[in-house]
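Look over the model first.

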Amino acid sequence: MSEPQGSEGTTQRLPVIERTAEPDRRDQSASAAAYGPPPAPEAEGGGGERRFWSARRIPAGILALLLLLVAGIFLYDIAAVRAHRPAMHWRRELSGQLAERPLDDIWVLIGAGVAAALGLWLLVLAVTPGLRSVLPMRRTHPDVRAGLHRDAAAMVLRDRAMEVSGVQSARARVRRKKADVRAVSHFRELDDVRADLDLTLTEAIRGLGLARPPALSVHVARTTKKKG
């Protein structure tokens with residue numbers, strides 16, 4: 001048999017696409033997201049994070065218990081009167097006193113003052129957030145809110161202050177708008193120690209990630225040696 005002629009009888013080598021050892025970009029991005037540094041938090045305009053609101057469980061529980069007791073006593077007395085029984089002595093006495101005493105009586109003024117103070121206290125609890133010991137942090141995710149306790153922030157600043165050369169002891173107190181750090185130095189010049197503390201603690205406050213970073217106040221004193 002004769003070999004066929006033309007293009008039908010020829011053998012052609014198909015091109016082969018060889019996969020190189022270059023890693024996939026998606027794998028690179030996934031590994032970078034998994035092992036790389038955390039994303040920088042978005043800057044909030046003017047510290048827009050609000051404080052955390054307290055549940056006010058103790059004041060609400062006390063108020064609810066008092067209202068329940070008073071309502072229960074009055075309901076029992078009203079039911080007794082409806083059942084043709086005499087009203088309680090204290091209610092008859094209270095009604096008589098309120099009817100007979102003038103408005104400028106000392107006991108009427110004291111009772112009105114106590115009631116007004118209690119009402120003002122309840123209004124203050126209703127309009128203030130509470131939880132003053134929790135500092136709001138910047139949001140790194142729109143659906144997640146985080147807060148840092150002031151004692152924990154003070155502990156971080158104290159530990160960072162102890163890392164500065166020349167600091168023998170340190171105390172830190174963090175409030176809503178101010179961070180007060182007091183250190184005792186046993187060697188080095190006080191100005192040098194204070195400068196290093198300012199730099200280190202400013203970086204530490206920035207690293208806390210607070211929505212409203214407190215102002216830093218540093219006080220450095222020389223250790224006092226007792227003479228024998």
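Is Trp-90 buried, partly exposed or exposed? Trp-90 counts as partly exposed, at 36% relative accessibility. (Buried means under 20% relative accessible area, exposed over 50%, partly exposed in between, with a 1.4 Å probe and protein chains only.) Phe-74 is also partly exposed, at 35%.

This is a predicted model: local features need pLDDT of at least 70, side-chain atom pairs count only at pLDDT 80 or more, and totals for chains, interfaces and linings use all residues. Residues are numbered from 1 along each chain as its sequence is written, and side-chain values use heavy atoms, without hydrogens and water.

The count of aromatic pairs is one. Rings of Phe, Tyr and Trp (its six-membered ring) pair if their centres lie within 6.5 Å; planes under 30 degrees apart are stacked, over 60 edge-to-face, the rest tilted. Phe-74 and Trp-90 are edge-to-face because their ring centres lie 5.5 Å apart and their planes meet at 80 degrees. Phe-74 lies in helix α2 and Trp-90 in helix α3, so the pair ties together parts that are 16 residues apart in sequence.

Now the strands. Helices (H or I, at least four residues) and strands (E, at least two) are DSSP runs, numbered from the N terminus. Two strands pair if DSSP finds at least two bridges between them.

| Strands | Sense | Bridges |
|---|---|---|
| β3 (residues 167–174) and β4 (residues 178–185) | antiparallel | seven bridges |
| β4 and β5 (residues 215–222) | parallel | eight bridges |

A hairpin of three residues links β3 to β4. Ala-170 stands opposite Ala-183 in β4, and Val-174 has Ala-179 as its bridge partner there. Arg-182 is bridged to His-219 in β5. From β4 the chain crosses through helix α6 (residues 190–207) to β5, a right-handed β-α-β crossover. (Right-handed: with the strands pointing away from the viewer, the path from the first strand over the helix to the second runs clockwise.)
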